[in-house]
Each structure stands twice: as C-alpha cells, then as structure tokens.
Amino acid sequence: MRPLRLVMSAFGPYAGEQKLNFTELGDRSFFLIHGPTGAGKTTILDAMCFALYGDSSGAQRDGRQMRSDHAAADAVTEVTFDFAVGADVYRVKRRPEQERPKKHGTGTTAVRSDATLWRRTGPVADAWEGTVLAGGWVKVRTAVENLLGFKSGQFRQVVMLPQGEFRKLLLADSKERQVILETLFHIELYRLVEERLKETALEIKKKVEKVREQRKWILQQANAEGPEELSKRLQDHALELEAVAEKAAQSRMAAKQAQERLAAGQKARELLDEQKHALAAMTELEQKAPSVEAARQDLSGARQAAGLVDAENAVLVRRGEFVAAEKTLAARNAELKQAREARETALRNWAVEKDKEAERETVAREVNRLDDLTGKAGSLARAREELTAAYRRAKALEDTYTKAKASLTAGQSVIEEKTKLRDDAANQAARAYALEAACREAEQISNKRKNLEELRRRLGSIRKTFVSAEQTCRQAENNYARAKDELSVLQKAWHSGQAAVLAGALAAGRPCPVCGSLEHPHPAGSASGVPSEEEVKARQQQLNNLELYRDKVRNKASLVATEKATVESKVTDLENELGERAGADPAALDAAAGKAKQMWDRALRAEAAAASLAGELEALKIGEKTARERLELLEKELQDAGAVCKSAQAVVRERESAIPGELRDLHALNKARQAAISRRERLEAVLEQVRKAAEVTGQELVKAETAAAEAQNAWQTARTRAQEAAELFGARLKTAGFSDMPDYTRAKRTPEQMQRLEKLIKEFDTDLGAVRDRLNRAVQRAAGLTEPDLEKMAGLLAVAEKARDEALQQDTQLRSLIKQENNWLKTIVALQNEIEALENKYSVWGRLSEAANGKNKYGLTFQRFVLGALLDDVTVAATQRLKLMSRGRYHLQRTLERARSNAAGGLELEVFDTYTGVARGVATLSGGETFLASLSLALGLADVVQSYAGGMHLDTIFVDEGFGTLDPESLDLAMRALMDLQKGGRLVGIISHVPELKDLIDARLEIGATKRGSKACFKLA
C-alpha cells in the first residue's frame, strides 16, 4: 500500500478541510512528519487508519472522538484517502457518527456513520469517484482487509507503527506472533494439513474402537470368552446333532404307523355308524306314511274346488255392483234436492239487488265530483311546496348573511392581533446575528474550560505517577549499583581463592595440574571463606534480573515523562487561549453558554415567527376582501328571496278558494275519493255476483235431475245380473259333487297351500326311494366289521407324535445353534483381520497427526514449523539492519525454548549479545535497544513478505516516535538503515519532534498549530 492523497475535514486538530498530496514528494521516498507536541502529527496516521479500518492508528479512539473541537457546527467530519496497491488505485471515504444542526428549526440531529470504497485505476478525473467496490461501515473494512491482506491490528504492527504499539511485534508471545505471520504469509494450507491428519487419525481410531465393540458384542452374544471356546462348543454340538437326527428318524416312523392304525379304526367306525343312520331314517319315513296319504286326499278335493272359483268370483262381483248402484242412487237423489233449494235462494237474492239501481247511480256521481277536485288539490299542494321552499331559501340566506358578517368582523380582529405580533417578532429577530456570535463564543469558552479542568486533574494524577516512577527508578538504580559492587567483590574473592582450591586437591607423587611437579613443598593456604562458583553465578543472575527491572522502570518513567510533558503543553495552550477565564468557575461558564444559547434560540424562533406571521397577514387580508364581496352578494340575494316568498303566498290563497276546506288536504281528498270508488265497486260486484249465482244454480239443477234418472236405471240393471250369477253358481256346485256351500268352502285351498301339499308328497316319495338305496349299500359295506377301540388308538398316536415332535425340535434347535455359531466364528475372524489392518494404518496416521499437531518436546505444530522457517528468514533480514544499528553487538534469532511447558513454542525470539556471547530474551533490551530491534524486525518482515508473496505489497512504513530514546550515534545508524529502504522504492515516513532529524531529512510534512486549529503542508529542500 502506498499513500497518494489524504483529505481530512473537521478531523482531530484540523478544523477545516486539510488536503495532503503525497505525490508532491516526487521521487523522494523518505520524509519526516514534524511539528510541536499536540499539533497533529499522529493524527495524519490516525486519519489513514480510520479511513481504511474505522479506528485510529493507536486503537485508542474511535471515529466519534476524532471530531475537531475547532470545527464549525455545520462542518462534516470525514476522511478521504487515495492509495495504490501495486498498479491499482483506490479511494476510500469514511464518515463517523456525529451530531449536525437541524436543517429546519433549532437543535441537532444524529447523522449515521457511513463508508465507501472505489477503484480508480487508470486515467480518472478527480471529480469522479470511480467504480464502487463496497459500501457500509463494516463491508468497507472487510473489503480493505481482503485488499491489503491485513486486519487493523496487524496493519499497525507491520506498516503503521504508532506510539506505544511499536514494540508489540518484537515482544509478542509465540501465539500472538503466529497470528501475525499467518496473515502475512497465507499458509492456511499447512493448517488444513494438520486438521486433515488429525481428522483422519481420529476417524481411524474411532473405526478401531467400533470394530472392537462389535467383536466384544458378538462374543457376549455367544456367551464365550474367546473364539477358541466358541469353536470347541461348535464341535460338541455337531456330535450331539448326529445322535439326535437318528432318534428323530425312529420317532417319525413310529408316529406314522400309529397314524395308519388310527385311520383304519376311524374308517370302520364310519361304516358302522352309516348302517345305523340308514335304519333310523327308514323307520322315521314309515311313521310319516299315514299323514302323507291324508294330504293326497286333501289335494284332490282342493283341485275340484279350484274349478269353481271363477263362478264364485262372478257372483261376488255382481253382488258388489248391485250394492254400489244402490248407494249411487241415494246420493243422486240427495244432490237433486240440494240443487232445487239453491236455485230458489239465488232467484230471491237477484231480485233484491235489482231494486238498488238508484243507490248505484248516486255513488257514481260522487266519484266523478271527487275526481275533479283531485286535480285542483294537486295544484294547491305544488303551490304550497313552492312557498315552503321559498321561505326555506330565504331563511338559509339570512343565516349565511349573519355568519358571513360575524366572520368578517372576527377576521378584522385577527388581522389587528397578528400585525402587532409580527412587529414584536421582527424587533426581536433583528438581534439574532449578534446573539449567535455571542452564543458560539460562550460555548467554545465553556468547552475549553471543561477540557482544561479535565487536563488539570489528569496532570495531577500523572505528576503523582511521575514522582512515584522517579523514586522507583532511583531505587532500582541504587539496587543495581549495590548488587554490581557486591558481585565485583565476590568475583575477586573467587579468583583469589582458586589457588587454595587447587592446593587442597594435591597429593604426594601426583603431578600438579598447574606446573606438573611431583613434589609440593609450599602449597597455598586454606580455601576457607572462598565463594563457590554457584554463588557467583547466582549473584550474576540476580544482577541480570535487577538490570532488567531497572530498564523496565526506566522505560515506564520515560513514558510517564512524555505523557506529563504532553499534558502540560496542552494545559499551557488552553490557559493562554482562555486568559483570565482560565480561573473561572466551569459551571458559571457553562450556565452563561446555556443562557446565550437560549437567547439565540429565542431570536431564531422570533425570526421564523415574523416570516410566518407576515405570510399569515397577507392571506388574512386577501380573505377579508373576499368576505366583503361575498357579504354584498348575499344581501342582494336575500332581497330577491323576499319577493319570491310574497308571490308564492298569493298563488296559494287563490287556489285554496276553489276547494272546500275539509278537502284541501290532498290526503283527505284521496281518502274520500277512494271510499266512494270502493262503495261503487262493491255495489256493482254484489249485483254481478247474484246474477251469476242464479245462472249457475239453474244449470246445476238440470244436471242433478239428469244424474238421478241415470242412477235409477243402473240400479235396476245391477239387481237383475246379481240374481242370474247366483243361480248359475248353484248348478255348478251340484255338478262338481259338493252337497252345499259349506262343503265347498271346506275343500277350498289357496294356491300356496296346494303347492305345499304337492311338495310334501313329492319330497316323501323321493326320500323314501333314497333311504331304501342307502340302507342296502350300508348293509353290504358293514358286513363282517366289528366295533374298534378309537380312544386307545388315539392315545398311542399322541404318545408317538409327542416323541417325534420333541426329537424334531431338538434337531432344529441344534442345527440353528450350529449355524449361528458358524456365523459368529466367521464374523469374529473378519473383525479381527479388520482390527489388525486398522491398527497398522493408525500406527502411521496417528504418529503423523501427533507430530503435525505439536505432540513433541518442542510443542511445534506443522504450521508453526513452517512459520518458524519463515521467521528465521525474517530474523536473518532483521539482523542485517540490527547489526548496523547496534554496531555489531546484537543478532536477532529464533529459539525453541518455551516460556511454559504447556505454551505454544517455536516462534519465540531472543537476541544474541556478541559482547557477552550469551543469548537472552528480547524483553531484556533497554528502551533504545528495543526501538532499534523493533524497527529492524519490522523492516526485515516487510522484505521477506514482499519476496514470498507477490500479491502483497509492503511498500510503505510509518514510524511514530521512539527516536528520542537514541543517542546521537544510534540515531545516525537508524537513519542510515531507513534511508537504505529508498533503494527498493519503499516510502518511509517517520514522526518525531527530535530537532536533529529536521536537519537530516530534506523532505518534511510540517505541522503548525494555531488557536483555530492546525495546518499541514509539504516542504521540500
């Protein structure tokens, strides 16, 4: 990533819009960001990091905290950053959540955060943003992470090294450093290999356990300790099966013979039983013979009687016809009598109605008179309706006129009131501009006073911490100096006592280890009081620990001192800006600002009210003119309506004089007319009704007389036919042999009874023949047979079948058991072979998985092993620069030692000190040494990443402070190492207020602070 253009608006100390064009550097690849403390040097890095990821370079502040206190209320806080990745150019714009003044009215409204990423590769006009790649706060951050290959934290560790974050890459533990290297070198493949090996080994292990469980379950089913026991049991069962099979064959033969004997006995019993049943059937039929003979005689008489049924039916029919004719004659005579009476009544009623002709003519004349009055009454009703409508319209116009007049008066009062309110609001609105200026000034003073109060409290706390840190630092210095002196004395005593130690080991006749002599006339004195080598090493380790602690408290004191100076500078700046108000009560200043805001708000509301009232007055005056014109029109319409009412009233009086008073109401008139019409219609209907009744009764009388004569003739004919039919039936009875009618009646049978008699006789004859044949056959088949003992035979068969079934059941059970045991043995052998194959496979995959997943004495996973090799390349590249910066003293190298036995290993760093020949942890370096080592590591990492990954471009690095901890010589060496980066085209930007750097670097981004905010520009020598 290489910066091209940065635009900040209302961001940090930059109140307005600040544009920085990095292309102004030209071919310069090394520049200094320089300016006083608090001017906004780090804010340049904050803006880049905020635009890319949405947080600051130090991850201490979010976008909402980056708004400039100097910015105008309507200024928008946002950052636009143009950058290049390889040959592609991109633009990202990010705007944090912030409060903005409302467009209408007073107060503020919240504006949501937003971000957009564009691609601008190729010739693109500055006004055109480019092609949108992502939109939204989180989506843009994700797109930038994919584009650059870094998350925010990793970006701050290898590209943008902010204050306090610079040494994190160097001092990170193995696990943290692994996360950084994984992201930079994209070695996910090796992690996938680890996981795949682990999954494969676990899968094989689960299969082995599963197959073992299957083998165990089968042995449990077989109730055997092992396959040998099961095989022995199978052999025993096979021998047992041979004996059982022989026994089953013998029992089957015995059962078959018993079954045959029982079948023969049952057959003999069936033949003997058949002979008995045939004799019984013959005896039963012989007993029924007399009754069957009687049935034969009944059937013969019934057949004779059946020949006379038609004659009997004829007699019955003729008798029925005579009775019906007699009844019809009586009915016709009664109807004739009723017809004569009705005829006489109808003739009397017709005569009465003919006498009412005069009454019918009077009613007709009344109907005609009322019809004539109906037309006149309709005209009167219409005239009355027109009069009512005229009165109603006049009343409505009168009400409208009254309301319009009242509305006009009310409108004139409102105009007077609104005019007064408008004049008052205009006078108050004239002061709005002055009140706005006073309000903004009061708010700025109040905010600065609050910031000053907070900084003073913070400064007090920092000063206490600084005093404590200085005391701790002095104590650590004293302890270190005292321990160093004690170690020096101890080392001298140890060196002095080494001769006595050697002399104590001399023996006569043995050579001296120093001079080789076999004689030792004057050995050195006693070695009592001489410290041991372990004591010297322990004191040396104690001194090393004290040195580490001293360097640690020095660094802490340095950080506290820097923070103290920064806060003191900010306090001084605010006190100078506030002047006398620096000692004022913050609450009083806040109250004054609030009061000024209220006065300004009232003036703004008055200004809006004056404009609104002016518009209302204009509309009200137009409405007043319209109301006057409408009132005049209503007055004329009211006069016209009065004239119409008088004319309608005259017409009503004229039409009322032509109609009687009781019939002027149209409803009453219609009621009287309808009553007259109903009376006329009723009289005419009654006359017509009696006339028709006379005519109808005459016709009915003629019909009744004719019907009575016909009924008399029919009765005579029916009586003659009935007598003739009775005489014929009596003659045929005598001819058929029946003495009288009762004799005939006893012989009669219904067709169903005759059919039953015929069926009974026929069935008897058929059964008798069949039984005779059956008896003859049964006697012949049972000849020579004796009665068998079936119960005894069945008992013998049951015993034989039980023995057979038990033998067969035992045979079946043994065969099933042998088959199951054979299957168990086959399955166990197959499972045992599968277990051996899986165990052989697991011996390979399991060992590979353990080795790849860190189960070794170094705790190294496969992925961390690869990262370790890459880290070796990084340390080699870093050591080239660290040797230069440390004048050949320090080398960076990787160590396999772990801080804890259960910690991840393989990525720990240490420094090899060529002065002492001892390797030690990077945490033991001093503040300046740590800075040089961190810078070397960052530069070496950039070189290696660039060489391994062609898609990742680490062609920019920013370093924020740290140079103040270096002595002049180390500073010069560090500058040389950074300047060497220009050879590879890498852009290097450093932030520092060290005066010497200003003279060393000819390209600078100068930051200047003012009371209205900071300004920045490039200065090139």
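The answer below begins with that sheet and then turns to a helix pair and a second sheet.

Modeller: The model is predicted, so local features need pLDDT of at least 70 and side-chain atom pairs count only at pLDDT 80 or more, while totals for chains, interfaces and linings use all residues. Residues are numbered from 1 along each chain as its sequence is written, and side-chain values use heavy atoms, with hydrogens and water left out.

The sheet is open and has six strands in the order 2-1-4-5-8-9, with antiparallel pairing. Helices (H or I, at least four residues) and strands (E, at least two) are DSSP runs numbered from the N terminus, and two strands pair if DSSP finds at least two bridges between them. Strand 2 (14-21) and strand 9 (131-135) are the edges; each has a single partner strand, so one side of each lacks a neighbour in the sheet. On average, neighbouring strands are turned by 15° against each other, direction ignored. Axes here are lines fitted to C-alpha atoms, for helices over the stretch in contact, and angles run from 0 to 180 degrees between N-to-C directions.

Within the sheet, strand 1 (residues 2-11) and strand 4 (residues 78-85) run antiparallel and are joined by seven bridges. R5 has D82 in strand 4 as its bridge partner. Helix 1 (residues 41-53) packs on this sheet and touches strand 1, strand 2, strand 4 and strand 5 (88-95), its direction making about 100° with that of strand 1; contact means heavy atoms within 4.5 Å. Helix 2 (residues 137-148) also packs on the sheet, touching strand 4, strand 5, strand 8 (114-119) and strand 9, at about 35° to the direction of strand 8.

Further along, helix 8 (residues 309-354) packs with helix 14 (residues 666-736) at an angle of about 165°, their axes 6 Å apart. Helix 8 and helix 14 are therefore roughly antiparallel; angles under 35 degrees count as roughly parallel, over 145 as roughly antiparallel, 65 to 115 as roughly perpendicular and the rest as oblique.

Four bridges join strand 12 (residues 908-913) to strand 13, and F912 stands opposite A919 in strand 13.
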